[in-house]
Amino acid sequence: MIGKAEIVKMLESAEEEQAALFEEARAARDKVFGRRVVVRGVSEVANICRVNCKFCPMRRDNTRKIDRFTATDDDLVEVAGVMKQNGINVVFFQGGEIPQTTKIVGRAIPRIKEIFGGDVEILLNLGIKSRAEFEYLKEQGADSYIMKFETSDPDLNLEMREERLDERLDSIRVLKELGFRVGVGGIVGLPGQTVGSVADDILLALELDVDMCSFSPFIPALDTPLAGADPGSADMTLNAIAVSRILNPGWLIPSVSALAKTSSGSQKIGYLAGANVVTINFTPSVESDRYLIYGKDRFIVRENYAFSMLEEVGMTPSKSVFVGSGAMADLRS
């Protein structure tokens, strides 16, 4: 097992060392998944949140400033139908951390399962909920859940999120107990974060024994306490992707849209660094423009951009790795 000091060294790789790191990560990925990238279709459920994260424009203190929206279960079923028409069988719902999303999404899930004839993975990113709420969502047919811890540093987590890290870790353990496929992740470049802390993020993800892991660069956004801070490093984020892949070749690891926002071409480079997931946004434009996770000018990945990007790096868009008789089948076959 590679130790923390070696991970730090890998995270600091540049030029020739970085190229070698990426090559090793690609080889590790290709041995497990081949040249395939899982395609997720995401629709955003609500743009308000009870949490007061310092890096997010949808933070609780901004509730009165936000042009708020909350989707209905009918909205979610309709957008899932569009995803099916495009051959995508990973239906991903995300939204601010509010109680209302439990029932909205829960009512939609069985209807979506019926549309797909069961050949669909329902992936959720709706924040911390009670065990009873997680049980309800599982009973309704949810398959996977993303619960990013953002940073494994308890003090930094408390400062950035105004909540204890243990609360999220407890939820991750509950999700695993209930049989969800679980994803975690961190933000690279938060003010006050060290390279050693990013290494700890990767080690924590390994310790939690999850199925998916992601890293995103910090993006300073207007109307947040961190608006004037420096953005996170795209290179460090790409190195975190590569190190994650090398340490766990079987993880699903996305190359996130925030990379495109931070540095032109960096999302594409994510696949050269070992990523194997892309998320296409199917939220209707009137709502997606109000989902301010990275600010009003966030980069939104649509279908043509995603498929062109994968073609450029020689990757094949594919279906869910977790569900369906044709797991990892070519998307367009």
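Visitor: Why is E139 called exposed?

Guide: A residue is buried under 20% relative accessible area, exposed over 50% and partly exposed in between, with a 1.4 Å probe and protein chains only. E139 has a relative accessible area of 66%, and therefore counts as exposed. E139 belongs to helix α5, residues 131–140; helices are DSSP runs of H or I with at least four residues, strands are runs of E with at least two, and both are numbered from the N terminus.

Visitor: What is the basis of these values?

Guide: This is a predicted model, in which local features need pLDDT of at least 70 and side-chain atom pairs count only at pLDDT 80 or more, while totals for chains, interfaces and linings use all residues. Residues are numbered from 1 along each chain as its sequence is written, and side-chain values use heavy atoms, with hydrogens and water left out.

Visitor: Why is E163 called buried?

Guide: The relative accessible area of E163 is 11%, so this residue is buried. E163 is found in the loop between α6 (154–161) and α7.

Visitor: What makes the side chains of E163 and R50 a polar contact?

Guide: A polar contact is a pair of N or O atoms within 3.5 Å; within protein, one must be able to donate a hydrogen and the other to accept it, and residues adjacent in sequence count only if both atoms are side-chain atoms. The polar contact between the side chains of E163 and R50 is at 2.6 Å.

Visitor: Why is S13 called buried?

Guide: S13 has a relative accessible area of 10%, and therefore counts as buried. Its place is the loop between α1 (4–11) and α2 (15–33).

Visitor: What makes F134 and Y145 an edge-to-face aromatic pair?

Guide: Rings of Phe, Tyr and Trp (its six-membered ring) pair if their centres lie within 6.5 Å; planes under 30 degrees apart count as stacked, over 60 as edge-to-face and the rest as tilted. By this rule the count comes to 2 aromatic pairs. For F134 and Y145, the centres are 5.2 Å apart and the planes are at 85°, which gives an edge-to-face pair. The pair links distant parts of the chain, with F134 in helix α5 and Y145 in strand β4 (residues 144–146), 11 residues apart.

Visitor: What makes Y145 and F180 an edge-to-face pair?

Guide: Y145 and F180 are 6.0 Å apart, centre to centre, with 85° between the planes, and the pair is edge-to-face. F134, Y145 and F180 form one aromatic cluster.

Visitor: Why do Y145 and F180 count as buried?

Guide: Y145 is buried because its relative accessibility is 0%. F180 has 4% relative accessibility, so F180 is buried too.

Visitor: How do you know that the charged end of K138 sits over the ring of F180?

Guide: A charge sits over a ring if NZ of Lys or CZ of Arg is within 6 Å of the ring centre and within 35 degrees of the ring normal. The charged end of K138 is 5.1 Å from the centre of the F180 ring and sits over that ring. R40 lies over the face of F92, at 5.9 Å from the ring centre.

Visitor: Why is strand β1 called mostly covered?

Guide: In strand β1 (residues 36–44), 8 of the 9 residues are buried.
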